[in-house]
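Here are my notes on the model you sent over, as numbered points.

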Amino acid sequence: MILPKFEFHEPATIGEACELMAHYRGKARPLAGGTDLLVNMKKKILSPERLVSLGRIPELSRLERSNGTLWIGAGVTVSAIAASETVDRDVPALGQGARALGTPLIRNLATIGGNIGSARPAADLPPALIAYDAVLVLQSAAGERRLPIADFFKGPGQTAAREAELIAAVAIRVPVGHAGAGYLNLGVRKAQDCNIVNAASFLELDERAEIIRAVRVALGSVGPTPLRSPSAEAVLIGQKPTEALFDLAADAARRDCSPILDFRGSAEYRRDMVGVLTRRTLSMALAEARSRN
Amino acid sequence: MKHLIRLTVNDRDYEVAVEPNTSLVDLLRTQLGLTGAKKGCDLGDCGACTVLLDGRAVNSCLVLAVQAAGRTVQTIEGLETAHGLHPLQQAFIEKGAIQCGFCSSGMILSAKELLEKTPHPGEPEIRRAISGNLCRCTGYQKIIEAIKDAAR
């Protein structure tokens, strides 16, 4: 398959990349891992005049923890996240999402910024990032701004990023106290597959590890964007975590989604699996929350 | 506009002029004459075009040739040394893991990255490591046995 013709830019700093994006306005697209963009270009769905490669910007591939916040540069690869001990210790559900994405070959190319920026409803990283209430650092020639990730997704492939604005980093406040999270995905196959349903849950318990003090339930593949389930969260907040309560939350989550039907599964099946994955990720979150102090 | 790039392929330095829309697999196969990396789906699904880029197994159909500038590429042609075939290549032959051969170079390179990180992998790790490489002869069992054998 022949790639449409384009001009290629390879800036060395994020500032330079922002200037190129601003200069060429709607005619340039950022190229991260290429596992989504280059496929769409080969299929002739997209044919940008210019690509601004972010692959040689050292500041984008930093993964570090400072002052209780985990900073992940937009260019950090999914395989680096999957293999990171820091990620597994501080935000394990994100590591679970990274290991579920694509194949080892894709994970070695794909980046966290690309997985967010491409805004696919079934993407593997957004549910965990939403569950952890991650904040995106967006950068453009005009400056920098921060946006909670839940406000970033607007539709399939549509985001709140302004023209010529790039994702520079993802910031996650590392949970403290009795807090935990879990991510699960369901597909037809275990690798190289588009999810039928994916979900992540985050729970924070009080000092005595008895009452749910904070909760976020995030669902993927069952709406135009990854979404939160306010109904499930309302069922859980302020309550004692029990199996019966998680069943109620799972039922509530089923009501909050709007799945499509396709060859991977019917809408009814997806809705049922939202319930199952919600319950299971809540149990994972609870187990981690209780084990931490 | 063509870009003049330098890259190292199988320990040999090359300087080539490439169009931005040339993929790494096309550079290797057409301009450098290294046809060991196969072109299957050309969309990152099948793994036939797997090469090691700075030691990491990637789909070379999803890498632009210009992105490989200054980097090190290893293809299946780079595995044999003066001492003979790579242990993985030898094991693939001995275990009957090569049938039509179209997936073999990708399978071997994915396995090579695995064994460099994890010299003695279990079967689940082997299966995960080659999960991006499709074998349409469905010879997976022999392939897994060959990788186990090479790891011994």
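1. Phe246(A), Asp247(A), Ala249(A), Ala250(A), Asp251(A), Ala253(A) and Arg254(A) of H10(A) meet Arg271(A), Val274(A), Gly275(A), Thr278(A), Arg279(A), Leu282(A) and Ser283(A) of H11(A). Contact here means that the C-beta atoms of two residues, placed from the backbone, lie within 7 Å. By class, this contact holds six nonpolar, three polar and five charged residues. Ala, Val, Leu, Ile, Met, Phe, Trp, Tyr, Cys and Pro count as nonpolar, Asp, Glu, Lys and Arg as charged, and the others, Gly among them, as polar.

2. A word on the bookkeeping. Residues are numbered from 1 along each chain as its sequence is written, while chains are lettered from A and ligands numbered from 1 in the order in which they are written. Because the model is predicted, local features need pLDDT of at least 70 and side-chain atom pairs count only at pLDDT 80 or more, whereas totals for chains, interfaces and linings use all residues.

3. Now the geometry of that helix pair. H10 (residues 243-255) and H11 (residues 267-291) of chain A pack at about 140 degrees, and their axes are 8 Å apart. Axes are lines fitted to C-alpha atoms, for helices over the stretch in contact, and angles run from 0 to 180 degrees between N-to-C directions. H10(A) and H11(A) are therefore oblique to each other; angles under 35 degrees count as roughly parallel, over 145 as roughly antiparallel, 65 to 115 as roughly perpendicular and the rest as oblique. Helices (H or I, at least four residues) and strands (E, at least two) are DSSP runs, numbered from the N terminus.

4. Chain A also has an open sheet of three strands, ordered S1-S3-S2 with parallel pairing. Two strands pair if DSSP finds at least two bridges between them. At the edges are S1 (7-9) and S2 (28-31) of chain A, each pairing on one side only. S1(A) pairs with S3 (residues 50-53) of chain A over three bridges, in the parallel sense. Glu7(A) has Arg50(A) in S3(A) as its bridge partner.

5. Which chain gives how many residues to the contact between the chains? Chain A gives 23 residues and chain B gives 23 residues. On the side of chain A that touches chain B, S1, helix H2 (37-42) and helix H6 (104-107) of chain A each supply at least two residues. That side of chain A divides into 12 nonpolar, seven polar and four charged residues.

6. Chain B is divided into domain 1 (3-75) and domain 2 (87-151), with bounds from an automatic or database domain assignment. The C-alpha centres of these two domains of chain B lie 21 Å apart. Their contact takes 14 residues from domain 1 and 11 residues from domain 2 of chain B. S3(B) gives the most to the side of domain 1 that touches domain 2, with three residues.

7. Last, a helix pair in chain B. H2 (residues 87-94) and H5 (residues 140-151) of chain B pack at about 135 degrees with axes 8 Å apart, which makes H2(B) oblique to H5(B). Pro87(B), Leu88(B), Ala91(B) and Phe92(B) of H2(B) make the contact with Ala146(B), Asp149(B) and Ala150(B) of H5(B).
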